[in-house]
Amino acid sequence: MALADYKKDMMRCVRCSTCKFIPIPSLLKSWRFAQGCPAIAKHNFHSFSASGKLIMALSLLEGRIEYSPKVMEILYNCTLCGMCDLSCKVGTDQELWEVLHEFRIDAWQKNEKNRFAPHVSIVESIKSYDNVWQQPRRKRTDWAKGLKVKDLNQEKAEVLYFVGCTYSLDPEMRRVAKNTAILFNKAGVDFGTLGANEKCCASPAFMVGDEELFQKMAIENINTFNQLGVKKVVTSCAGCFGLIKSKYPRVGPEMKFEVQHSIEFLNELIKEGKLKPSKEVNLSITYHDPCHLGRMSDTRIPSHGVEHYELGTMPIKDIPKVMGMNGVYEPPREVLKSIPGIKLIEMERRREYAWCCGSGGGVKSAFPELAMDTVKERLEEARATGAETIVSCCPWCEKNFEDGIRDSDSELKVVDAVDLLIQSVE
Amino acid sequence: MALAPHIYKMFSNIVGSVNISDDPAILESYTFNWLNEFNNLCAPGKFLPHRPAAVLLPGSTEEVQSIVRACNRYGIKFKALSTGYGSHSLPGQPGVVVLDLRRMNRILEIDEKNKFAVVEPYVTWAQLEAEVIKRGLFTTPVQAGSQASVLANLTSGWGMNTFGNHGGHNGRNALGIEWVLPTGDLLKLGPPGEWFTGDGPGPSLRGVMRGHCGAQGGMGVFTKGAIKLHHWPGPPKLETETGGMMTAYLMKEIPEFMEMVIPCFDTYEQMIDFFYQVGDAELAYVLMRVGSAEHMISLMGATSNKDIYEAFYATGMVQALTEQMKHPAVAMIFANSRREFEYRKKVMSEIVQETGGKILEVMTEGPMKELMMKEMPVALIGNCTLFIHHAGGFVISSGYMGTNESVVKHMGIPQEEIKGKWAKSGKILDDGADSTYHNSFENNAYVYMEMEFHYDASNPESVDASRQCITDERNQRRLEKSGFEPNDIGLTCGDYEKSPQQRIMDMGPHYGNFHLWQERIKRAFDPNDVSDRSWYGAGLLMKDAEVSKK
């Protein structure tokens, strides 16, 4: 696909402002938490909304404006969280998210001089080190020291645990990988990792629009996973999960494995009786749905299919309409509810219409102010529930929550769902 | 037309440097809108030829006043918008400074006892509804959708509302209003410091402020407004779950004292009789007609067009329903108690019988019942009307306000022929010839009817056919003498080769020369002619002698 292939979607935008808000009034619980789009919530000019970006793309295609630093600023001041896409699709067959992403691919290719330095740096890190943190490959195994984890470069297993760059390399986040492996071992799971040979899922490259690098890494990873002969690829990182499950199918090779987030897998293990949460964890919590575990994990193929009219001018696309309703919403809640003593209080914006944490889409690195404003909005929503702790299943969300808490004197704590589960399992 | 640097700096000093921009990437999004394809300045394209001089984001009434006063001082035209849905929210001429009121988004007060709320311009219907429904109150959301501005509907534009039978038209729900006049002076409609009414001693200014259609941003800026709220007999929280075809959400539980009644009638006369009797008995919150079954099905949007087509058309279901449902009406009953609920249902049932209505079996069981009882309320109560844009193109005829008889005679019947011709052309959506919204207000004190057309906004041939269809309809309308065309969207779209001001010039003589009065008012309120008048009146085309003519 090319940007011009989405011209119809641009022309069919009615600039109604729905993409700025939660779509259905009955989902709203208050005036306070009605916003859906972090970018327009911060910047206010219509151009920052999804509709505004579609208009900007059409304007570029029609030669009314050219790529400029301002166009790039608007385009990349967006977490690509997909909320706008859901809101619009409640009433239309329009593609929004795909247009925003294709716009970035176009910008990355045609406007190299205005790329943002932090994005270039991350992409170079992936190219040089196979990870986003500019760390030597060998460090990927540090988190697993002393744990029973198969090396799938040497032996076979049913499950590949795809740890992800952040859980394996960020010293503050390694505990999640460690806790996950401990739980897998307790449940008797036959699993292993790729160790130092694990490569970045390429989510950051995908998000900033470096399609070439994304395609290359995705194909390499699919081939590797296929060659391992594993039944499942389980990831702890919502970013990796969303990309592998939802975006890898667009690159071509058949994926001969099931993709699961660790929280889904752990939920299955609990239901099968292989893990028994029994110790009380007395805590009131609220759960934050990561975008890439939720609405952005519905498989999306960038295509209009073949469009034809019925009833005169009703456009019929021969591809499924993807709204994000099939994300992983229930498993994390089931896991949390299975822990005795946990009191789960929902935030107003949740599941497919959850407010983004503000970290994704290259925003945290290039536009930290937007990331900070967005996470503070979420922390405020969490605080309004009365919960003591905000729980998630994504390292990017959790890191941004930590930063937001530090910057706002919030008394909230942030933990990963796995951190709670391990406290409860004997 | 760029602002001079010192003027830009002056505006920047008022709103702050992050709240002003004249960058083309920002300005472009204020040149594109729904219905631009009917605007003679850009049709069949989507972009206006001129960009605003700058876009400003004021955060308070004081900032708005400062901007407007500066515009008067330097002879700069301005135009304010809020959620900004439709061509008429954009400037109609070059060099205009746009005031995007997005930062003014607070609900200032909800007076539960006296049933009104005071809002700023960017409060949406959904936000207001979320706050008032838990207090046992309800709003009258405009059919532009729940994401639209409450204040814009109160002050600046027409727009019908589904709950109008109970709650009335929002032009009449407007109470106290804070208004920055085109001169920058502040005018408060209603008693000082009070919001419960928009009138005070002396002549009412509410008519000058908006009349029936609103000034489309051509008479200054409205910065605060009070809206009448209504009693809500439903639950304090509307719980939904995912699913369904209309809005992707279903009611989790059907409210205990809610009933949806959809009788069908053999003739328009029977249907009109039903409207009158339900109005007289003050029975329904919603009383409307949504055209034929074909039209009703075509309104679904949450599911894909493909699924709608396969589920309803390819199976022959719509065709069968259309045969049986000649003139369907929709009534929604709410009650506060079991006894009241039983009473209302009983009276409704008797009226249906007396007026010759039939409740089709298909509506009382299976998927259609599910659709009507669990999905339709989400759309109606939540007023989620974005499902009307199958391909980005939805437009209505000029609309017609009057008695039941007059709207049916002058719009309903003739339009079936006009719409039918174009629907069969293959260039607009064939959603049945009978696609009229027919909405009752204030227990049938008056009704409003409009015929709608769906087209593909990305297909110039389809846009063109839609324009021609509207022009045919408009020409037909002008032959009539009873009732009137109230509709701002009609102004935007009709007679597409003309400018909005030319359309008003055409309309004026048919409707009491309102355009002359409008221009006199405009001149009195905006002596420096700075409030962009492109969508208000016909003054751009008028000569002084014509305006003062008796």
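B:Lys115 is partly exposed, as 19 other C-beta atoms lie within 10 Å. By this count, 20 or more such neighbours make a residue buried, 12 or fewer exposed, and values in between partly exposed, with C-beta atoms placed from the backbone. The model is predicted: local features need pLDDT of at least 70, side-chain atom pairs count only at pLDDT 80 or more, and totals for chains, interfaces and linings use all residues. Residues are numbered from 1 along each chain as its sequence is written, while chains are lettered from A and ligands numbered from 1 in the order in which they are written.

B:Lys115 sits in the loop between β5 (107–111) and β6 (116–119) of chain B. Helices (H or I, at least four residues) and strands (E, at least two) are DSSP runs, numbered from the N terminus. Phi of B:Lys115 is positive, about 55°, although the residue is not a glycine. Most residues other than glycine have a negative phi. A:Gln134 also has a positive phi, near 55°. A:Gln134 is partly exposed, with 13 C-beta neighbours inside 10 Å.

Between the chains, 69 residues of chain B are in contact with 51 residues of chain A. Contact requires C-beta atoms, placed from the backbone, to lie within 7 Å. α4(B) gives the most to the side of chain B that touches chain A, with five residues.

B:Ala391 lies in the loop between α15 and β20 (392–396) of chain B. B:Ala391 is buried, with 25 other C-beta atoms within 10 Å. Beyond its neighbours within four places in sequence, its contacts include A:Arg12, A:Thr313 and B:Tyr455.

Key. Contact = placed C-beta atoms within 7 Å.
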